[in-house]
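Subject: Structure for you to look at

Hello,

Here is the structure I promised. Please open it alongside this note and follow along.

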Amino acid sequence: MKRVVITGAGTVNALAPDVKGTYAAMREGRCGIGPLEFRDVERLAIQIGAQVQGWNPDLHFNRQQIVLYDKFTQFTLLAAREAVAQAGLNFDGHLGYDAGVVLGTAGGGVNTWDENYRSVYEEGKNRVHPFVVPKLMNNAAASHLSMEFNLRGPVFTVSTACASSNHAMGQAFQMVRSGQCKAVLTGGAESMLCFGGIKAWEGLRVMSKDACRPFSLNRNGMVQGEGAAVFVFEEYEHAARRGADILAEVAGFAMTSDAGDIVMPSQQGAARAISGALRDAGLNPGDVGYINAHGTGTAANDRTECAAVAEVFGPEADRVMISSTKAMHGHLIGGTGAVELLACLMALREGVIAPTIGYEEPDPECALDVVPNTAREARVSAVLSNAFAFGGLNAVLALRRAP
């Protein structure tokens, strides 16, 4: 089995249009959540979100490209460009045939759906643009990455609600580890911040009207965000031979299904995924210094996740640092695990633990070290990134400090 490392990272999210800015925002505990700005927002009960402010696709793409790129694809392409530039890889030769793309998204081209439903139903138009389907399909971003970077190996999209990015990165890890690919662009993206996207989520009654407060006793729901994060997963020996700057090692991955309720999480399912990732990575609970939690800010999720961590970590549970960065960048649904992996890289590479901002009141059922409100300097050698999705689908990644 090959060792797998991360040699490039890129992002666009509500905190910043790049990795450096995102790290700075996480260190500062800056909140990217604010009033939403789009058509008909006043008709919504939920009017806050972590929106990418001032987004102008004309600055990054030509008119022909914009016709083909939904916002989630636009975010993905910019994040991938940053990641590939940092990795210093060129896929024009044989490497292109040994490299692929695995991305996660839950909604795909939701903005395109929203615009065209409005056009047909509200405005009464009888025709839509011929490229609507290629623009809205969930695999659009992955396909455009393959074309932009000449990636001719496996290219596909994973859609497992809020675990999509972690599932995608787990598949990318396994493909490189097995020797199927030498490098894979992986991560995820989401852009559901439009009238139809938010209106659908309002029906679930899990959204907060004022703030995201993970693990705080007075939490009252999640807040959506948008954006993308993309990473270069590469075979360690290939990266070492070319002298690449290695950001971290991907050490293990596990995924489980609750096979229970479509929306209520299961402690057992989450615990099995956490313990499975540790086992796959060859780690003990005492080896892990930080966990980036799923931490949505809903009562059921936060309580269940803390119980699962306590079950797996036992006496080590009080020692390990666990934080949710969703209070800063919002819940990116299918793209959330990708943006959250940046907090894991920051912990391993820079020794900075991102905080759980918005924390106001201790909850006896979430009595762990949730790194409340202020970032912390700490040297850690291994981390976990949790993702637990509607449908009872769980995916956990384990990372080690760069070899």
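In this predicted model, 10 strands make up an open sheet with mixed pairing. Their order is β5-β4-β6-β7-β1-β8-β14-β13-β9-β10. The edges are β5 (155-158) and β10 (321-323). Each has a single partner strand, so one side of each has no neighbour in the sheet. On average, neighbouring strands are turned by 25 degrees against each other, direction ignored.

Strand β9 (residues 290-292) runs parallel to β10, and 3 bridges join the two. Among the residues involved, I291 has I322 in β10 as its bridge partner.

Two helices lie across parts of this sheet. Helix α11 (residues 299-313) lies across β9, β10 and β13. Its direction is at about 135 degrees to β13. Helix α10 (residues 267-281) lies across β8 (248-257), β13 (382-389) and β14 (393-401). That helix, α10, runs at about 145 degrees to β8.

Next, helix α7. It covers residues 164-177, 14 residues in total. From first C-alpha to last it reaches 20 Å, close to the 20 Å expected at 1.5 Å a residue. How many of the residues of α7 are buried? The count is 12 of 14, so the helix is mostly covered. The buried ones include S164, H167, M169, F173 and R177. After α7 comes G179, which has a positive phi, near 90 degrees.

Now the aromatics. The count comes to 5 aromatic pairs. One is Y117 with Y121: the ring centres are 5.7 Å apart and the planes are at 20 degrees, so this pair is stacked. Both residues sit in helix α4 (residues 110-122). They are 4 residues apart there, which means a separation of about one helical turn. Y121 reaches 66%, so it counts as exposed. Ring pairs also bring in W113, giving a cluster of W113, Y117 and Y121.

W201 lies in helix α8 (residues 195-202), while F390 lies in the loop between β13 and β14. The pair therefore ties together parts that are 189 residues apart in sequence. W201 has a relative accessible area of 11%, so it is buried. F390, at 30% relative accessibility, counts as partly exposed.

Where does D40 lie? It is in the loop between β2 (34-35) and β3 (48-49). D40 counts as buried because its relative accessibility is 15%, and the cut-off for buried is under 20%. Which residues does D40 touch, leaving aside neighbours within four places in sequence? The contacts are R118 and F195. With R118 there is a polar contact, side chain to side chain, at 2.7 Å.

For a quick tour, I would display these in turn:

- the sheet edges, β5 and β10
- the cluster of W113, Y117 and Y121
- D40 with its contacts R118 and F195

Best wishes

Technical notes:
Residues are numbered from 1 along each chain as its sequence is written. This is a predicted model: local features need pLDDT of at least 70, side-chain atom pairs count only at pLDDT 80 or more; totals for chains, interfaces and linings use all residues. Side-chain values use heavy atoms; hydrogens and water are left out. Buried means under 20% relative accessible area, exposed over 50%, partly exposed in between (1.4 Å probe, protein chains only). A polar contact is a pair of N or O atoms within 3.5 Å; within protein, one must be able to donate a hydrogen and the other to accept it, and residues adjacent in sequence count only if both atoms are side-chain atoms. Contact means heavy atoms within 4.5 Å. The expected span of a helix is 1.5 Å times one less than its number of residues. Two strands pair if DSSP finds at least two bridges between them. Axes are lines fitted to C-alpha atoms, for helices over the stretch in contact, and angles run from 0 to 180 degrees between N-to-C directions. Rings of Phe, Tyr and Trp (its six-membered ring) pair if their centres lie within 6.5 Å; planes under 30 degrees apart count as stacked, over 60 as edge-to-face and the rest as tilted.
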